[in-house]
Amino acid sequence: MLWLTVVSLIILGIGAAVAEIPAFQDLLTITISHGLPDNFETYGILSGILNSCLSAGSFIGPLLGGYLDDIASFQWATTCMAGLLVFSASIMLVFKMVNHCKTSNSADYVADLEREPLRRLNVNH
């Protein structure tokens with residue numbers, strides 16, 4: 001069963017890498033849109049913050065999982081962790097949907113404003 005552990009760790013590493021790059025890109029986009037410069041200093045600060053949070057999660061996660069396993073069975077600990085994951089995914093989904101609705105409405109409004117003089121020209125001919 002050593003091969004299964006090795007394959008699982010490889011999949012876990014690929015999944016972590018796939019999750020980290022979009023998170024860093026979102027952090028960078030948001031930070032630059034709030035006025036920070038687009039330079040290596042900002043990249044370094046954001047990379048440090050992101051890696052600190054990932055390291056804290058890598059430390060707290062097994063601690064919390066071990067504690068849940070001690071006070072409850074493995075099945076309940078897994079169910080609690082899955083519930084937390086579903087809860088956080090739901091919060092992220094709602095946030096993304098609200099953000100998408102705000103940006104798509106504002107984009108439609110700007111597009112309507114850009115077309116407005118053309119409509120007046122067509123109506124007044």
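In the predicted model, a nonpolar patch on the surface is formed by Phe59, Ile60, Leu63, Leu64, Tyr67, Ile71, Met81 and Leu84, which together present about 810 Å² of accessible area. Two elements, helix H2 (residues 40-71) and helix H3 (residues 74-123), each contribute two or more residues to this nonpolar patch. Of these, H2 provides the largest share, amounting to 6 residues. Leu84, one of the members of the patch, is placed in helix H3 and is partly exposed, its relative accessible area being 47%.

With regard to charged side chains, the structure contains 1 salt bridge, which is formed between Lys96 and Asp26, with a separation of 3.9 Å between the closest N and O atoms. Because Lys96 belongs to helix H3 whereas Asp26 belongs to helix H1 (residues 2-33), the pair ties together parts that lie 70 residues apart in sequence. In general terms, side chains of opposite charge can pair when their charged atoms come close.

When residues up to four places away in sequence are set aside, Thr42 touches Leu28, Thr31, Leu36 and Pro37. For Pro37, a polar interaction can also be described, in that a polar atom of the Thr42 side chain lies 2.7 Å from the backbone oxygen of Pro37.

Finally, the cysteines were considered. A search of the whole structure returns 0 disulfides. As for solvent accessibility, Cys53 counts as exposed because its relative accessibility is 51%, whereas Cys101, with a relative accessible area of 43%, is partly exposed.

Methods
Residues numbered from 1 in each chain as written. Predicted model: local features only at pLDDT ≥ 70, side-chain atom pairs only at ≥ 80, totals over all residues. Heavy atoms only, no water. Patch = residues over 30% accessible without salt bridge, like charges linked within 9 Å, V, L, I, M, F, W, Y side chains within 5 Å. Areas by Shrake-Rupley, 256 points an atom, 1.4 Å probe, with all protein chains shown as cover. Salt bridge = Lys/Arg side-chain N within 4 Å of Asp/Glu carboxyl O. Helix = DSSP H or I, 4+ residues; strand = E, 2+ residues; numbered from the N terminus. Buried < 20%, exposed > 50% of the residue type's maximum accessible area, 1.4 Å probe, protein only. Polar contact = N/O pair within 3.5 Å; in protein donor to acceptor, adjacent residues only side chain to side chain. Contact = heavy atoms within 4.5 Å. Disulfide = S-S within 2.5 Å.
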